[in-house]
Amino acid sequence: MDSFNVYEDAERAAAYARVEFPGTYYLAFRDLPAVIRTHARGTRAIDIGCGAGRSTRFLVRLGFPAVGVDIAANMLAEARRIDPGGDYRWIGDGDLSAFGAGAFDVALAAFTFDNIPTRERKIALFREIARVLGPAGVLVNLVSSPDIYRHEWASFTTRDFPENAAARSGDTVRIVMKDAADRRPVLDILCTDEDYREIYRRSGLEVVLVHRPLARADEPYPWIDETRIAPWVIYVLAPLTRGEG
């Protein structure tokens, strides 16, 4: 989480807060219940970069009493407005020092790392997440695939940004959300699978599972490229055993 976060803008925060799980977003969350239940050992959960609380509420519905944390005050205001009984906390840039080592069994980061600009910042936050996970804890890191910035989707368009096709890891890419009232481009930071794996290794995390959800033709959405190209990647990560980091 970094000052690059586009959702610190109040207008964008309000628009994004009204988006739940339509279209392409449905694919991001469709398989998460099975993934989380398969790998979670315990119910203490933290939602890293919770934004307007969509993913925090998702965890709570799955039976995980989750704490949502974010650096964007505007987004947290929306989360508290929508869910007054939820536990939403402002944190400094990547600062999880309010939580002790091993405080959580599950950490979810849904699209959080799409907005963090440098490898060093990603590593610093991943190390903090690894610290607050218990010995059997897991991090579920849901990110945008590099392919999402190069194709057309039920919920997104990139046709106005042909320069995305030449983007490399670490470059800024642009995408427009069709389902949000705010149609200004979202600025993300491209990160390849190869780079994520190196970042995880340097952060003291090991990859347990990689899942790329594809759409099915019988699902009630106007799919465009989703049935043949996965727009999202779900990584399940665990702290490396002591001495391997």
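1. A residue is called buried when its relative accessible area is under 20%, exposed when over 50% and partly exposed in between, with a 1.4 Å probe and protein chains only. By that rule Trp 232 is buried, at 2% relative accessibility, and Tyr 25 is buried too, at 4%.

2. A quick word on the basis: this is a predicted model, in which local features need pLDDT of at least 70 and side-chain atom pairs count only at pLDDT 80 or more, while totals for chains, interfaces and linings use all residues. Residues are numbered from 1 along each chain as its sequence is written, and side-chain values use heavy atoms, with hydrogens and water left out.

3. Now to the rings. Rings of Phe, Tyr and Trp (its six-membered ring) pair if their centres lie within 6.5 Å; planes under 30 degrees apart are stacked, over 60 edge-to-face, and the rest tilted. The structure holds 15 aromatic pairs. In one of them, Tyr 25 and Trp 232 have ring centres 5.9 Å apart and planes at 20°, so they are stacked.

4. Tyr 25 belongs to helix α2 (residues 23–30) and Trp 232 to strand β10 (residues 232–239), so their pair ties together parts 207 residues apart in sequence. Helices (H or I, at least four residues) and strands (E, at least two) are DSSP runs, numbered from the N terminus.

5. Have a look at Phe 29 and Phe 111 as well: their ring centres are 6.2 Å apart and their planes at 70°, so this pair is edge-to-face. Phe 29 is buried at 4% relative accessible area, and Phe 111 is buried at 10%.

6. Tyr 25, Phe 29, Phe 58, Phe 111, Phe 156 and Trp 232 form one aromatic cluster.
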